[in-house]
Amino acid sequence: MASTVHRSGTSGDTRDDRPRVRLGREELLAAADRLLPDVIAPDLDVLLCGINPGLWSAATGHHFARPGNRFWPALHLGGFTPRQLRPDEQELLLEYGLGITNLAARATARADELTRAELTAGGEILRDKVGRFAPRWLAVLGVTAFRTAFTAQHVQVGPQEQEFAGARLWILPNPSGLNAHFTLDKLAVEFARLREAAAG
């Protein structure tokens, strides 16, 4: 796949104009343990790997769908997309050389509900997936989950020296609104660093 990483910087519309989906408690609880298909194709520039689907994502069928999650704004502000995409436009990512998968498949209300065994097993599945689809970069969104899944205690946000199943590896902050350590501006800076590396 030809490289289609955008260099749009922070220009463009970043309003959250996604449809106002209203989900009740029963609908969200019914989504627990539901699986969410990947957005993936061979030879991507960057495969973005979340920790696991949240209940909003599982209920809607769209990655990073929960209101308040900063993934889509950070992806745009970091220069990967010419405008802020909505979760229901996730398939457009493939046109930009991007894809989405998850470290663990099971949907939960919070990532800390996952067990160490689930993360470890998910890591092995991810390694096989990256080997088969051969993205140039794998970007894992969550330092703690990566450390747990791969018993790698010394990784930090940013590029990693080691490769992952043939892909170059980058760790991004978790874009969840629960991650108070990173504001949207700081997230955008980290996404932009990856975008610049992927465009090189």
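Let me start with helix 6. The helix covers residues 184-199, 16 residues in total. At 1.5 Å a residue, it should span 22 Å.

Staying with helix 6, which residues are buried? They are Leu-187, Ala-188, Glu-190, Phe-191, Ala-192, Leu-194, Arg-195 and Ala-198. Note that Glu-190 and Arg-195 are on that list. What do these buried residues pack against? Strand 1, at 46-50, and helix 3, at 71-77, plus strand 3 and strand 5.

Now the whole chain. There are six helices and five strands. From the N terminus, the order is α-β-α-α-β-α-β-α-β-β-α. The chain has 200 residues, and 50% of them are buried. Take the contacts with a separation of 6 or more: 76% of those join residues 24 or more positions apart.

Confidence next. The average pLDDT is 86, and 83% of the residues score at least 70. Residues 1-12 stay under 50, with 39 contacts beyond four places in sequence in the model. Residues 14-19 are also below 50, and that stretch has 17 contacts beyond near neighbours in sequence. Where pLDDT is low, the predicted coordinates should not be read in detail.

On to helix 5, residues 143-150. Six of its eight residues are buried. Those are Val-143, Ala-145, Phe-146, Thr-148, Ala-149 and Phe-150. They pack against helix 4 (116-133), strand 3 (137-141), strand 4 (158-164) and strand 5 (167-172).

How do helix 4 and helix 5 pack? At an angle of about 85 degrees, with the axes 8 Å apart. Roughly perpendicular counts from 65 to 115 degrees, and the two helices are therefore roughly perpendicular to each other. On the helix 4 side, the residues are Arg-116, Leu-119, Thr-120, Gly-123, Leu-126 and Arg-127. On the helix 5 side, they are Ala-145, Thr-148, Ala-149 and Phe-150.

That takes us to the cores. The largest nonpolar core has 24 residues. Leu-103, Leu-126, Leu-138, Phe-146 and Phe-150 have the most contacts inside it. Strand 1, helix 4, strand 3, helix 5 and strand 5 each supply at least two residues. Which element gives the largest share? Helix 5, with five residues. A second, separate core has 23 residues, including Ala-74, Leu-75, Leu-141 and Ala-198. In general, nonpolar side chains tend to be buried together in soluble globular proteins.

Look at Leu-138 for a moment. Beyond four places in sequence, it touches Leu-47, Cys-49, Leu-126, Val-130, Phe-164, Ala-167, Arg-168, Leu-169 and Trp-170.

Last residue: Arg-70. Where does Arg-70 lie? In the loop between helix 2 (55-60) and helix 3. Why does Arg-70 count as buried? Because its relative accessibility is 13%, and the cut-off is under 20%. Its contacts beyond four places in sequence are Asn-174, Pro-175, Ser-176, Gly-177, Asn-179, Phe-182, Thr-183, Leu-184 and Leu-187. Take Leu-184 from that list. Arg-70 and Leu-184 are 114 residues apart in sequence, yet 6.5 Å apart in space, C-alpha to C-alpha. And Leu-187 brings us back to helix 6, where that residue is buried.

Notes:
Residues are numbered from 1 along each chain as its sequence is written. This is a predicted model: local features need pLDDT of at least 70, side-chain atom pairs count only at pLDDT 80 or more; totals for chains, interfaces and linings use all residues. Side-chain values use heavy atoms; hydrogens and water are left out. Buried means under 20% relative accessible area, exposed over 50%, partly exposed in between (1.4 Å probe, protein chains only). Helices (H or I, at least four residues) and strands (E, at least two) are DSSP runs, numbered from the N terminus. Contact means heavy atoms within 4.5 Å. pLDDT is the predictor's confidence in each residue, from 0 to 100. The expected span of a helix is 1.5 Å times one less than its number of residues. A nonpolar core is a set of buried Ala, Val, Leu, Ile, Met, Phe, Trp, Tyr and Cys residues joined through side-chain atoms within 4.5 Å. Axes are lines fitted to C-alpha atoms, for helices over the stretch in contact, and angles run from 0 to 180 degrees between N-to-C directions. Angles under 35 degrees count as roughly parallel, over 145 as roughly antiparallel, 65 to 115 as roughly perpendicular and the rest as oblique.
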